[in-house]
Amino acid sequence: MEHKRLTLFAGHYGSGKTNIAVNYALLLAKEGKDVVIADLDIVNPYFRTKDSAAVLEAAGVKLISPQFANTNVDLPALPAEAYRLVQDKSIYGIMDIGGDDRGAYALGRYVPTLKEENNYRMVFVANASRPLTRTPEEALEVMREIEGACGLEFTDIINNTNLASETTPETVLASQDYIAKLSRLSGLPVFATSAETGVAAQLEGKLSDILPLQLQEKYFDLPSQKPGNRPLWG
Amino acid sequence: MAERVLMKGNEAIAEAAIRAGCRHYFGYPITPQTEIAAYMAKKMPKIGGVFLQAESEVASINMVYGAAATGCRVMTSSSSPGISLKAEGLSYIAGSDIPALVVNVQRGGPGLGGIQPSQSDYFQATKGGGHGDYRMIVLAPASVQEMASLTIKGFNLADKYLMTSMILADGTIGQMMEPISFEDAEIEVYEKPWALTGTEGKRKHNVVNSLYLQPDKLEAKNFERFERYKIVEENEPMWEEYMMEDAEYCVVAFGIASRVAKNAVVAARAEGIKVGLIRPITLWPFPTKALRAAADQVKSFISVELSMGQMIEDVKLATECKKPVTLCNRAGGMIPSPDQVLESIRNAAKGE
């Protein structure tokens, strides 16, 4: 996997942008890079990058998060510090963009600087299991809405097709046609396929460029949904 | 295997409503239920339905009242402060005996409160909220799958009993994502001879109204309505029992609290404490019989709630205070940890 100085993750809400952004940041940090991740989500009130603050800190990844994330202040304000990502060329920057076109508006202000430096990857996160992007055509529509809102075109696609705790290697493999068609329709390459660590291990050798995702346990996971208790798949 | 999709709780409600035949949605945005409106805004125009963002919650509930009077399946959704604003309309709809579906994705209160999850509208949902003698069927989902299936059930029950069904969810279940399917959904269809559909000069006109000029007529209507409520209380309570067979202690929790509590029950069982859980799925009608039966079996109850203790009153009523009931709670948008619930179970086992 070749890395650009800046990597932006955008897509339909609930497609898995935050999990991917956090795990990609950890991957870069593991490779010894100086990494800063910015949470630019101005839409979502729950389940944010900030939930992974401890993991990111332990890996030496700097987290820039809206001042009011995870509080009761439902305010779409971004921290001034986020400009560091586009201005400080000594770091690797990762941007976690809010869902859909509404979330992508926030990116607009960084776009002129991004384009000037021209060392970025704008990644569309695709999940074929999400009801409003069930077809490649619907995903393409969301893609165009996001591009229209932020003024930046996508450069890559990441396939994050999953059914949360029910994901099997077959879930991911069955989405290959969908992703191939989305790639053909948009003219964009598939940069990677992401999957939860256990599933990712079973995909080795079947797919190239796999990004394994370490997912956070949640307080509301049922006993049957805990990673150790999940059924073992083929 | 049924086709699985990955959905947010709020989206699951919206999609389920559409599948149940709802083509009229009236709402006003509020966190943390906005995805319901967003989903409806995207889908309704494509299927010939109506998505309308009203100028306020008060307007939207009265639009629901109007549409419901025509006999179509109609819904609105909001979160705690927005439901307070709708309370007058809820009372009018109940007083007119027409079906509607209302969703409350609860957040911390009182007042403007916060945007984090809560269960502190239990009283409002189960004891009234609006004025007058009335009940709503209150359904409490504990998973994204139940957000969908109880929405469909809610429409069915509303039509069957001419009542409002309320989905009482919370911010976390609204926002969390799980894989679900819709294929087992049973859509019931009821005749609606009372509906305002236009007489075409062929029949006597129907009247939908909650105003009665004679007090004896109003009283009779109230008695008649409560006879119907009695049937609902007899036929419709839903609950889940978890590890109750040999339980000596019983955790009572609904919605998101029940998921945390289940983990605590498993952990307590590993320590040798015989504890089980009863999860009310209908909060009204409350599963009184299940609780009353458990009172003869267990030594004590623990009510786990995201409030200052509201359902605990119904637990005490249902069990006729035969056994002690303690409260394990967080409030204001905070959620009890499995460890906090486990500690409450340990204390119960010590007889504290």
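Predicted model: local features only at pLDDT ≥ 70, side-chain atom pairs only at ≥ 80, totals over all residues.
**Entry 1: chain A overall**

I began with the make-up of chain A and found nine helices and eight strands. Next I looked up its extent: along the principal axes, the C-alpha atoms fill a box of roughly 50 × 40 × 35 Å. I then checked the radius of gyration, which is 17 Å for chain A; a compact globule of 234 residues would have a value near 17 Å, so the two agree. For burial, I noted that 44% of the 234 residues of chain A count as buried. I also looked at how far contacts reach along the sequence of chain A. Taking contacts between residues at least 6 apart, 72% join residues at least 24 apart.

**Entry 2: confidence in chain A**

The mean pLDDT of chain A is 90, and 96% of its residues reach 70 or more. Where is confidence lowest and highest in chain A? Helix α4 (residues 100–104) of chain A has the lowest, at a mean of 85, and strand β6 (residues 156–159) of chain A has the highest, at 98. I flagged one stretch for myself: over residues 228–234 of chain A, pLDDT stays under 50. The model has seven contacts beyond four places in sequence for that stretch.

**Entry 3: the two domains of chain B**

I looked up who touches whom, and 27 residues of domain 1 of chain B are in contact with 22 residues of domain 2 of chain B. On the domain 1 side, the elements of chain B giving two or more residues are α5 (122–127), β6 (137–139), β7 (164–170), α7 (171–175) and α8 (215–235). Of these, α5(B) gives the most, with four residues. I sorted that side by class and noted 15 nonpolar, eight polar and four charged residues.

**Entry 4: where chain B meets chain A**

How many residues does each chain bring to the contact? I noted 30 residues from chain B and 19 residues from chain A. On the side of chain B, at least two residues each come from β1 (5–8), α1 (9–19), α7, β8 (177–180) and α9 (255–270). Which element of chain B gives the most to the side that touches chain A? That is α9(B), with six residues. By class, I wrote down 13 nonpolar, nine polar and eight charged residues for this side of chain B. I also noticed that α7 of chain B turns up in both lists, facing domain 2 of chain B and touching chain A.

Definitions and conventions. Residues numbered from 1 in each chain as written. Chains lettered and ligands numbered in written order. Nonpolar A, V, L, I, M, F, W, Y, C, P; charged D, E, K, R; others polar. Rg over C-alpha atoms; globule rule 2.2 N^0.38 Å. Buried ≥ 20, exposed ≤ 12 C-beta atoms within 10 Å, placed from the backbone. pLDDT = per-residue confidence, 0-100.
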